[in-house]
Amino acid sequence: MKITELNLQPNIEKALTEMGYVDLTSIQEMTLSPLLDGFDVIGEAPTGTGKTAAYCVPMLEKIVPASGKVQALVICPTRELAIQVIQEISKFAKYIPSIRYVAIYGGQKISTQLRGLKSNPQIVVGTPGRLNDLIERKNLNLSNVSYLVLDECDEMLEMGFIKDVNKIIEKVTLPHQTALFSATISPEIKKISEKYLKEDARHFQIKRTPSQDNQISQKYVFVDEDKKKEAIVNLLSSLSFTRAFVFCRTKHKVMQIEKLLKKNTKNDVVSLQGNLSQNRRDKAMKAFRNYEANVMVATDIAARGIDVSDVDLVINYDVPEEDEFYLHRIGRTGRVDKSGTAYTFLNQKEHFLVKKYEKMTNCHLDEYTINKGEAMKKYLENLESTVTSDLADEKKAIEEACESLSKRLGHEVDPIDLAAALLKEKMADPDSGLAKEKDYSSAHNKSIERNKEKKRFVTDPDNQRFFINVGYEDGANEDTLKSFVMKYCKGLELDDFADVYLKGTFSFFEVPKDSTDAIVHYLEGTKFQGKLVHIEKTERPEDKEKKSFNNDRKPYGKDKKSSGGDKKPFRRGGSSDSSHSYKKRRY
């Protein structure tokens, strides 16, 4: 079906034509007409098949620009998807006069979003948490919404947002049309659709056919965990690609791999992970979309719902936690009528996943061996700018080293031999000189002894343990970490700290519980030597089994004596007053 066959408003058809829309995709052809006719719709289709246009075009057809009321609401699981949807709406609505729309999501200053709402938008796109926040503040009124969209409903279910979504929809009191779109429709989502959609709702499903799956060439690489950093550098150095996604399971791994690739490849690398501020996330996405960066390292959650064209390479550095995530990851490439390649790193214990992924995708996975020779060649070719610089000192050092090695080994070692040895060492350990997770056990042992001397190593019931993403590799030591915390929490003193434990990229420390609110409020989002700080409450690993019960099998907090006998709780400054509070400490 052609766009021109839908009888759309001239302003909308003009914008779509300028965007290159001619033929409808399968999901658009199925859902556009029923939505335009006012039916509720549930649409299941893989990522990259045009679902956003499928629900946005009917929405714009139904909006009354003269009204200053919110008439359409799109609920998305992530802020990246919300921003993406708003960007698409802005293109579709380019020629519609007086149309206004706003994105509502966490991580952005709420004052910015309040200004957007004061402009009386007809369309609101947002994430569940921030939408609920503004509804409770009485800043967002949904009583005039007549067009509701739940986008990527499977992800909202997985991320635990359904209760929040229910609260939002309760505020949509006007009879309304609902569109539910998702990459997969599980039994749970079917139950949800029965609650949200009318009985005559139209159901449509698009599944990837074998021919579509074959647009994505899937390969696996057997590699041990301790060799994966070398493998990712060699793989990216040996392949030609336009843009690539590299997926890791944790935000800390994302940070490591981003740093690794920036130092050891010639690619422009950015990342998406939960510790980034919204401003830095926006900058990363803008750079990736505008081809200023060609590699995006991300976690599954951070990359949810992102639709970027011309991604022709996906690398699964870690296998995903959920099998379904594999489909989401490789679906970042091979979108619509384009092709791409997905590589997955597997250790020998994960070999069984090959058959599982083949069954899920109806596509064969080929084993791939990384060509180290090609990686070495590309690495050397990328030294062009270095070769043209002044290398007098380096040449002299090589001549002296060759002379010394020749005498010690009893045969001539020439510069070619030395260069080859250096290249072999470099390619075998691309992480050399980078922030490796070093062994800091000796430093921690000293910390343990110091705390034992203070008789405070055993977790005091009045203390709270914290995790902070700052460690030795960020320039921290025990003294600088304490000073940093005290800088933002003025009431704390050196003697308040217990069991300060530093690792390479993170640390733990304990302070009195009455400091908890101040620690979380004032430290989160600050910067330690340029690094964005993330802090959260945690507990000692050895204390986890004791979390609920003490030795008498009584819940903690119910019987003070059972948690320490006659031992008095720790009080700052030796005070016996047990009424310390956040307000009294005046942070």
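**Exercise 1. State how many helices and strands the chain has, and what share of its residues is buried.**

Solution. The chain has 23 helices and 20 strands, where helices (H or I, at least four residues) and strands (E, at least two) are DSSP runs numbered from the N terminus. The model is predicted: local features need pLDDT of at least 70 and side-chain atom pairs pLDDT 80 or more, while totals for chains, interfaces and linings use all residues. Residues are numbered from 1 along each chain as its sequence is written, and side-chain values use heavy atoms, without hydrogens and water. Of the 587 residues, 48% count as buried; buried means under 20% relative accessible area, exposed over 50%, and partly exposed in between (1.4 Å probe, protein chains only).

**Exercise 2. Determine whether Glu358 is buried or exposed, and name its contacts.**

Solution. Glu358 lies in helix α15 (residues 353-361). Because its relative accessibility is 15%, Glu358 counts as buried. With neighbours within four places in sequence set aside, Glu358 contacts Cys363, His364 and Leu365; contact means heavy atoms within 4.5 Å.

**Exercise 3. Identify the residues that touch the most other members of the largest nonpolar core.**

Solution. A nonpolar core is a set of buried Ala, Val, Leu, Ile, Met, Phe, Trp, Tyr and Cys residues joined through side-chain atoms within 4.5 Å. The largest has 41 residues, and Tyr55, Leu60, Val85, Ile123 and Val125 touch the most other members. Elements that give two or more residues to this core include α3 (51-62), α4 (79-92) and β4 (123-126). Beyond its neighbours within four places in sequence, Val85 contacts Thr52, Tyr55, Cys56, Val74, Cys76, Val125 and Asp151.

**Exercise 4. Classify the packing of α8 with α6 and with α9.**

Solution. First, α6 (residues 128-136) and α8 (residues 162-170) pack at about 40°, with axes 9 Å apart. Axes are lines fitted to C-alpha atoms, for helices over the stretch in contact, and angles run from 0 to 180 degrees between N-to-C directions. The pair α6 and α8 is therefore oblique: angles under 35 degrees count as roughly parallel, over 145 as roughly antiparallel, 65 to 115 as roughly perpendicular and the rest as oblique. Residues making this contact include Leu131 and Ile135 of α6 and Val165 and Ile168 of α8.

Next, α8 and α9 (residues 187-196) pack at about 10°, with axes 13 Å apart. The pair α8 and α9 is therefore roughly parallel. Ile162, Val165, Asn166 and Ile169 of α8 meet Ile192, Lys195 and Tyr196 of α9.
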